[in-house]
Amino acid sequence: MKQEEIEYKWKDLFLQTTNGLDLDPSFENYPIREKTLSFFYTFLYELSNETDVETLFPNISQLLNPFNKHGFKCIRNIFLNYFEVLLENGLQTGEIKSRAFFTSRYTELLWQSFQSVLFFWYKDKSDGREQTDLFVERVIHLVFDIYAPNAIDATFDLVQFLWKNRLAK
């Protein structure tokens with residue numbers, strides 16, 4: 001399979017996934033974490049239905065290395081754009097905490113998570129790739145635990161409050 005055909009196939013898998021999710025009337029009402037889990041699971045389901053998966057991974061270590069920003073470029077931009085919209089909705093609903101210097105990196109963290117999941121899926125030899133399902137769940141929960149308002153935010157707010165009140169006297 002030529003590189004252009006591989007790229008086309010990955011884009012097609014992405015569009016099959018997002019179109020399928022858009023057809024589900026309940027998807028719109030999911031919290032952002034559940035939307036992301038649904039995307040990852042649906043994408044992997046679509047990928048599993050491919051007859052010749054090996055041709056989609058011509059150089060797996062280069063394509064899916066989660067620390068390689070340039071690997072797997074063919075769907076990177078559409079992935080980032082898709083999740084930028086979802087994450088913006090999560091910020092508006094308060095499911096995700098806006099943080100100076102970090103909020104702009106949220107989509108990149110999801111992208112790296114996606115690459116990690118694909119790499120794990122490709123290497124997973126468990127029955128029905130059930131270990132990948134567990135990996136997806138753990139990765140997405142960790143990512144959204146980082147995104148959500150949490151104890152670190154509360155601690156920072158308390159320290160900031162105490163600092164301001166100490167200086168006011």
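**Helices and a pocket**

Guide: Helix 2 (residues 32-48) packs with helix 5 at an angle of about 35°, and their axes are 12 Å apart. Keep in mind that this is a predicted model.

Visitor: Which hand does the crossing of helix 2 and helix 5 have?

Guide: Follow helix 2 as it passes helix 5. The crossing there is right-handed.

Visitor: How many charged residues are in the contact of helix 2 with helix 5?

Guide: Start with the residues. Helix 2 brings T36, F39, F40, F43, L44, L47 and S48. Helix 5 meets them with L110, S113, F114, V117, L118 and W121. By class, this contact of helix 2 with helix 5 has 10 nonpolar and three polar residues, and the charged count is none: no charged residues.

Visitor: Is helix 1 parallel or antiparallel to helix 4?

Guide: Helix 1 (residues 3-23) and helix 4 (residues 73-93) have axes 8 Å apart, at an angle of about 20°. Angles under 35 degrees count as roughly parallel. So helix 1 and helix 4 are roughly parallel.

Visitor: How many charged residues does the contact of helix 1 with helix 4 have?

Guide: Helix 1 crosses helix 4 in a right-handed way. Helix 1 uses E7, W10, K11, F14, T18 and L21, and helix 4 uses C74, I75, I78, F79 and Y82. Sorted by class, the contact of helix 1 with helix 4 has eight nonpolar residues, one polar and, for the charged class, two.

Visitor: What is the orientation of helix 4 and helix 5 to each other?

Guide: The axes of helix 4 and helix 5 come within 9 Å and cross at roughly 125°. Roughly perpendicular runs from 65 to 115, and roughly antiparallel needs over 145. Helix 4 and helix 5 are therefore oblique.

Visitor: How many nonpolar residues are in the contact of helix 4 with helix 5?

Guide: From helix 4 come I75, R76, F79, L80, F83, E84 and L87. From helix 5 come Y106, T107, E108, L110, W111 and F114. One residue of the contact of helix 4 with helix 5 is polar, three are charged, and the nonpolar ones number nine.

Visitor: Now the pocket. Which helix gives the most to the lining of the largest pocket?

Guide: The largest pocket holds about 420 Å³ of space. Its lining has 13 residues, and R99, F102, Y106, I146 and D153 are the closest to the centre. Helix 5 (106-123) and helix 7 (151-168) each supply at least two residues of that lining. The most, four residues, comes from helix 7.

Visitor: How many charged residues are in the lining of the largest pocket?

Guide: Divide the lining of the largest pocket by class. Six of its residues are nonpolar and two are polar. The charged residues number five.

Notes
Residues are numbered from 1 along each chain as its sequence is written. This is a predicted model: local features need pLDDT of at least 70, side-chain atom pairs count only at pLDDT 80 or more; totals for chains, interfaces and linings use all residues. Side-chain values use heavy atoms; hydrogens and water are left out. Axes are lines fitted to C-alpha atoms, for helices over the stretch in contact, and angles run from 0 to 180 degrees between N-to-C directions. A crossing is left-handed if the near helix is turned anticlockwise from the far one by less than a right angle, and right-handed if clockwise. Contact means heavy atoms within 4.5 Å. Ala, Val, Leu, Ile, Met, Phe, Trp, Tyr, Cys and Pro count as nonpolar, Asp, Glu, Lys and Arg as charged, and the others, Gly among them, as polar. On a 1 Å grid over the protein atoms alone, a cavity is a set of points where a 1.4 Å probe fits but cannot get out, and a pocket is an open set with protein on both sides within 12 Å along at least five of seven lines; lining residues have an atom within 4 Å of a point. Grid points are joined across faces, edges and corners, and a volume is the space filled by probe spheres set on the points.
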